[in-house]
Amino acid sequence: MAKNAAIVSVSTSYASSNQKAPAKMDFANDNAFNHYSDRTWEDTALVYNYVNEMIDDIHYQGSLILFAGNTGNPGGRTSDEVGRLVRSAGGGTAPGGAGGGAPGGAAGQGPGGPSGGAAPGGMPGGMPGTPAMTDDEILADAKGYENKGYDVYQLRSTSLEVAKKVRDATNLILLARYNGGANVDLFTAKPVPSQPTDAELEKAVEQARKLEGVVDILWIRVDEHPNAWSQDKGRPKALAYAEAIKKAGIKIITCPSGGFHNPLENDEFIASGKTDMVGMTAPFFADPELVRKLKEGRADDVVPCLGCQICHGISMINPPWYATCTVNPTWGLPPYQLKGFTKPAISKKVAVIGGGPAGMKAALIAAERGHKVTMYEKDATLGGLLKISDESKWRWNYKDLKEFFIHQVNKAGINVKLNTAATPETIKAAKYDAVMVATGSDLAESEWKTDGVKVFSILDAYFKKDKLGKNVVIIGAGKFGMELAAGMLKDGHKVTVIASAQGLLAPETLSHDMEKPEAIYRSSSDFSSVLGAKVKDISEGKVTYTDSKGEEKSVQADSIVIWPGLRPRMDEAQKFIGSADDVLFLGGCTGTNGTVQKTIRSAFFVASQV
Ligand SMILES: Cc1cc2nc3c(=O)[nH]c(=O)nc-3n(C[C@H](O)[C@H](O)[C@H](O)COP(=O)(O)OP(=O)(O)OC[C@H]3O[C@@H](n4cnc5c(N)ncnc54)[C@H](O)[C@@H]3O)c2cc1C
Ligand code: SF4
């Protein structure tokens, strides 16, 4: 294989074999968690042609093509034990392991099989709903993909026997998967340490040694959907496994994946010999121009992927599941829609009011479209509410995004006026052709007043965190409240959440992203919560409330944090109507864009009209 070769994974089906998605999803019975494959690319001429054209194009561009069968045979994606025949009648499971493992196939709804036992060492079984394949089927499958033009085949079994058969019968480059475990234990829902133990590394080395000479590439997957809650900045967990295998002198190409989002760090990992390759997926959603930018020496222009997993579904429970990305608002948009955003023929004088994520993204798009842009920010620095990420080491992904935007705004030559609150009068006087209003939100009013001594706002809980003391009560839950709670627990606080809601998180926020903070607070003995409660009084660090049964209770704390939700600055924003011919509203101030994803998407659609 050539040095610097790229391998592009062209997966033509998500699950293996021929399980069809039902016409209607049955959420009550959890089949939303199954991974279906309709195999339509084989069945439908247009799709078949498209995939073949793609295979040719990738070859023309000098890359190899991988068939990623990871979601196929349960054994192919799951085991941390090489050579053990992992096969079941169905249901995505590995047969009876030594216990202590995670469930074989979580939903176990593949055709025909019981859910089997557990793979040893805590490895999950196959993807829910994925059926198994025999040796002969695997061999035929491998040959089939070789005939279609694939170069690399991911083994669909951990059996060395099958690997050797495929090796002898084809010229395919063989890839096997080593599974080092998820970052949230599936049984206990406890967070798993962000780096492997010595015993885990020794086991990986032992398994890799068995594959030497049989398999070419060892794909090492450790973290399930890592993000800043589970991953140390600059040290993806799978790297440690690759490093250990390299240090042991095993002749196999290592390819760790999961959290390898930063191209400069990846470069260092390879250049310093820690690994031969790295695997990346989500960063290409975040920035489809990633490769071109790197080739042109523009790593600073690569949009950072947050690892936020919105591309994996905004919510795991509630529809819709349309494909989107927090940082790339065009991802998932059909080409016909993108064609509608052609560059304007004239350059306009444009104002952007507010330097939060919405304002910065809108300013960048307007500058790209050839306009002369001035941005007003009333604070001393850009970033808006994203600035809380400076104050928590568990939010380094959002901090990376904020820094990226600020760098890009400066690089694009946008005229930034800091410490300058825009008013309708100043904007009108400057005679802009178009004004984009991105004034964001304030904290909503609460009947409980903050004093910065014992009672703090959620923003103070970040910016004045040193004043909080050990024992903290947070009044209010939801995604942002619970992320604060998780961060505080990680920082060593004792946290009680009191909320009027019946649940800590709304179903629409239950993404893969939230699994990690959830695991932190659910497994912590320093965490407690009171739901369905009504706070009656706060004084001298004591919160008095009635619980869901109407009983009056109280809790004493070193500090109390109030999280009342956000109040869009809609009224202030609307005052800018009439300050130019074209006045447009975007981001948090509109009241409908309460997350960074929605904020950036709204910025894209609005700025693309100017
Ligand atoms: C505690 C907390 C945690 C959060 N966590 C997450 C999270 O984990 N994930 C997520 O997706 N979202 C999160 N959010 C929400 C996210 O921060 C917002 O959706 C996003 O910042 C909105 O962006 P924006 O640019 O519209 O507004 P803002 O970020 O509010 O920025 C508005 C900017 O406009 C400036 N401004 C206002 N008026 C004027 C004026 N007249 N002249 C000049 N400047 C002005 C303000 O100073 C500010 O800088 C969180 C919010 C909070 C409060
Ligand atoms: S949605 Fe989040 S994790 Fe997915 S590509 Fe975009 S930034 Fe990365």
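## A strand inside the fold

How many of the five residues of strand E5 (residues 217–221) are buried? Five of the five are, so E5 is largely enclosed by the rest of the structure. Please keep in mind as you read that this is a predicted model.

In a regular strand, side chains alternate between the two faces of the sheet. In E5, Ile217, Trp219 and Arg221 point one way, while Leu218 and Ile220 point the other way. Whichever way they point, all of them are buried.

E5 also has strands to pair with. Strand E4 (residues 173–179) pairs with E5 in the parallel sense over five bridges, and Leu218 of E5 is the bridge partner of Ala176. Strand E6 (residues 253–257) runs parallel to E5 and is joined to it by five bridges. There, Ile220 has Pro256 in E6 as its bridge partner.

## The chain as a whole

Stepping back, the chain has 610 residues, and 53% of them count as buried. Its secondary structure comes to 19 helices and 21 strands.

Contacts tell us something about how the sequence is folded together. Among contacts with a separation of 6 or more, 66% are between residues 24 or more positions apart.

Just after H12, Gly370 takes a positive phi of about 95 degrees.

This helix is mostly covered, with eleven of its twelve residues buried. Among the buried ones are Pro357, Met360, Lys361, Leu364 and Ile365. What do the buried residues of H12 pack against? Their neighbours are strands E7 (349–353), E8 (372–376) and E10 (434–437), together with helices H13 (396–411) and H19 (596–607).

## Around ligand 1

Ligand 1 has 35 residues around it, and those that come nearest are Glu377, Arg395, Glu483, Gly588 and Val596. Some of the surrounding side chains place polar atoms close to the ligand. In Glu377, a polar side-chain atom lies 2.6 Å from an oxygen atom of ligand 1. The side chain of Glu483 has an N or O atom 2.8 Å from an oxygen atom of ligand 1. For Tyr398, an N or O atom of the side chain is 3.1 Å from a nitrogen atom of the ligand.

How much of ligand 1 does the protein cover? On its own the ligand has 1000 Å² of accessible area, and the protein covers 95% of this. The elements that give two or more residues to the shell are H12, helix H16 (478–490) and H19. H16 provides the largest share, three residues.

Tyr545 stands opposite Lys553 in E18.

Note on methods:
Residues are numbered from 1 along each chain as its sequence is written. Chains are lettered from A and ligands numbered from 1 in the order in which they are written. This is a predicted model: local features need pLDDT of at least 70, side-chain atom pairs count only at pLDDT 80 or more; totals for chains, interfaces and linings use all residues. Side-chain values use heavy atoms; hydrogens and water are left out. Two strands pair if DSSP finds at least two bridges between them. Helices (H or I, at least four residues) and strands (E, at least two) are DSSP runs, numbered from the N terminus. Buried means under 20% relative accessible area, exposed over 50%, partly exposed in between (1.4 Å probe, protein chains only). Contact means heavy atoms within 4.5 Å. A residue is near a molecule or strand if one of its heavy atoms lies within 4 Å of it. A polar contact is a pair of N or O atoms within 3.5 Å; within protein, one must be able to donate a hydrogen and the other to accept it, and residues adjacent in sequence count only if both atoms are side-chain atoms. Accessible areas come from the Shrake-Rupley method with a 1.4 Å probe; for residues, only the protein chains shown count as cover.
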